[in-house]
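Please keep the sequence and the model in view while reading.

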Amino acid sequence: MPNKRPLSLHEVRPTTPMTPMTPTVVKDDMNFLELCETFRNYFVEYIDTPQNMSTLKLSPVMTRLCNQLSERGHNRATVAALLWCKAHFDAEEDDFGGHGLGGGRGLACEFVASDLLTSLSANDALEYLCYELPLASKDDDDGNNSAGDETAGLLGGRGGRNVSSPDLEADSIASFAGLNTLEIAILADAKKFLSHRPVERVINGIWEGRISFWKTLDVDGSKKPHFYNKRKADPFCRLRVPKYQKAFEAFFFAVFLALYYGVLIQRDPYHITGLEAALIVFFVAFAVDEISSIRDAGTAFYTADFWSLWDVCIIIIGIAFLIWRIVGIVKDNDEIVDTAFDILSLEALLLIPRVCSLLSMNPYFGVLIPCLKQMTKDFLKFVILVAILYLGFLTTFSLLARESFTLSEMSWMLIKVFFGSSSVGFDAMREISPVLGPPLMLIFVTLTNILLITSLISLLSNSLTNMMNNAREEYLFMFSITVMEAATSNRLVVFYPPMNLLSLILLRPLRLVLSANRMRKWRIALLKFSHFPFVAAIMAYESLWPVNQTRSTATAWGPSTNSKRMSMREGLKSFGRRPDRLQEWSGRLNGGRLGLGGAGSQVGPHAGPALLSSASSMRMDFDGEGASNMKAYANQIDEHGCELHRMRTTIEQLSRKLDEVLAQKSP
């Protein structure tokens with residue numbers, strides 16, 4: 001009797017009338033490591049060919065997994081594990097050349113993670129997206145031990161123990177310890193996930209302060225994401241809002257730039273003036289703040305920011321200026337002093353663009369910066385081919401013209417020819433060699449000015465086109481990096497520069513004699529004393545422009561409920577209220593279970609009631625003719641939801657019958 005094919009995962013699981021053939025893939029009691037291993041094995045088993053988003057939307061395998069996670073999954077680490085799998089599969093694609101297979105599996109991870117968020121309430125979406133992988137127990141920057149669930153790790157911290165697993169690389173998982181789900185998405189380059197509407201609303205909420213990570217500024221304060229409530233929150237916690245941090249950062253750089261120009265105009269070679277002393281203070285404060293940012297965010301996340309390279313270069317040039325300046329004054333050497341000011345003049349190349357970095361918050365400029373970054377990478381790759389060709393011709397021409405031109409003269413001549421001065425080469429070609437000079441120079445000019453330059457322009461044009469086709473994803477990716485870098489520090493007390501020098505000078509030495517709690521009290525007291533003007537400015541801004549003021553959870557974020565299955569109007573819809581509600585709500589219905597577009601809506605047996613509930617809540621905003629139109633629109637939505645549910649059920653039934661036929665025919 002021939003052996004039968006082993007039953008697949010969805011065939012050995014019991015089915016329910018509501019969700020037929022739904023597999024049980026994950027369990028609520030799984031830790032992060034087990035979730036990563038389970039999801040990785042699942043995608044490896046069921047995705048064995050390259051996939052794109054269109055095929056994933058119609059795949060019954062993906063539909064079953066999405067159903068199971070949205071209806072029976074309650075593990076807060078689920079989305080983080082899916083995004084880790086995304087990074088894992090992309091790394092396999094780069095290392096082993098999977099011919100698109102690893103990229104397809106990574107795209108499937110993004111699709112499932114995005115789809116899961118469409119069925120969550122606002123509270124649950126916040127918990128999933130801000131779920132933080134625990135660190136091993138260690139002292140934080142304030143001198144106190146990390147407490148609670150931050151020490152009972154699912155895996156070892158970056159400075160502590162590592163977990164071991166026979167199936168997964170422990171170091172790969174441990175490298176994400178201490179990061180939350182949104183930070184993992186950034187490191188995994190999950191741009192489609194970050195551009196998903198529910199994720200975008202959470203990031204916008206963090207940027208504007210509607211979502212906060214700290215409630216109170218006291219010794220017992222702990223980091224936990226929540227919806228900001230002005231009546232209960234500590235006003236000094238508003239210092240951690242990314243929007244206000246970036247505003248004060250722009251002011252700091254503006255003063256920094258003004259001092260810089262003042263020093264260059266004054267230019268006293270024999271004494272350190274008051275302006276120069278203030279410039280040095282601002283520079284030291286900036287360097288200390290950058291070092292703190294690297295410690296808080298980690299090297300991998302810090303380098304993901306486009307402006308981090310700018311900041312590092314500013315620090316390097318500033319250190320070089322200080323060294324030359326001090327040596328020149330001590331030795332009373334005018335040449336060294338002039339060199340110091342020449343080095344300082346280089347800072348203008350970096351400081352002026354850094355002051356304008358806030359333009360990247362604008363969607364137009366936020367897209368141009370990633371385009372320039374990608375085009376620079378392509379250009380540097382192309383330069384390798386140019387350098388090889390250039391060295392070959394330089395060697396030949398230098399040997400032919402060894403009696404007429406030096407190596408330096410020939411090098412500059414070929415550089416001029418490469419950048420378009422063809423006449424220079426044609427004038428000197430007979431001096432190089434009466435016989436070989438003209439044809440070789442003609443070949444060189446043709447290759448450089450026609451072939452290579454044209455190819456380079458075409459390559460950069462294609463890069464720009466590809467980036468602009470995904471302009472929204474690229475902008476939101478850069479915006480997410482900016483927001484998360486500013487908002488997710490584990491330190492309770494964060495000083496703005498140049499006030500951070502007060503903590504460094506006054507409190508840092510006391511760590512040797514004071515306890516952790518005492519140190520934290522002193523840091524909080526110093527913050528309240530030094531940053532009171534900043535908090536007053538923030539409170540005045542929020543009181544003068546109440547539209548920008550964050551409202552409480554009950555009025556702005558939907559009902560506070562522990563129920564996970566809510567209509568989108570009651571949940572994530574409240575993350576971004578806009579006047580064009582009808583158009584936005586209509587666009588969301590094109591996403592949901594069968595697609596990534598919009599915030600989505602549940603498609604299933606409960607789709608109709610959920611949509612009617614959403615319609616009912618929206619009818620409160622209209623009256624008269626608008627109310628009647630809304631009622632008719634809600635009826636249409638109900639019909640579309642039922643139709644989509646019937647389509648999904650039919651697809652699942654056909655898939656089940658196909659599996660049964662294959663099981664009978666297989667030997």
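Phenylalanine 418 counts as buried because its relative accessibility is 17%, where buried means under 20% relative accessible area, exposed over 50% and partly exposed in between (1.4 Å probe, protein chains only). Phenylalanine 419, by contrast, is exposed, with a relative accessible area of 67%. This is a predicted model, in which local features need pLDDT of at least 70 and side-chain atom pairs count only at pLDDT 80 or more, while totals for chains, interfaces and linings use all residues. Residues are numbered from 1 along each chain as its sequence is written, and side-chain values use heavy atoms, with hydrogens and water left out.

**Aromatic pairs**
- A search of the whole structure finds 24 aromatic pairs, a pair being rings of Phe, Tyr and Trp (its six-membered ring) with centres within 6.5 Å, counted as stacked if the planes are under 30 degrees apart, edge-to-face if over 60 and tilted for the rest.
- The rings of phenylalanine 253 and phenylalanine 286 are edge-to-face, because their centres are 5.4 Å apart and their planes stand at 70°.
- Phenylalanine 253 is buried at 2% relative accessibility, and phenylalanine 286 is buried at 3%.
- Phenylalanine 418 and phenylalanine 419 form an edge-to-face pair, with 5.3 Å centre to centre and 90° between the planes.

**Aromatic cluster**
- Phe39, Tyr42, Phe43, Tyr46 and Phe89 form one aromatic cluster.

**Charges over rings**
- The charged end of lysine 191 sits over the ring of phenylalanine 477, 5.2 Å from its centre, the term requiring NZ of Lys or CZ of Arg within 6 Å of the ring centre and within 35 degrees of the ring normal.
- The charged end of arginine 238 sits over the ring of tyrosine 228, 3.9 Å from its centre.
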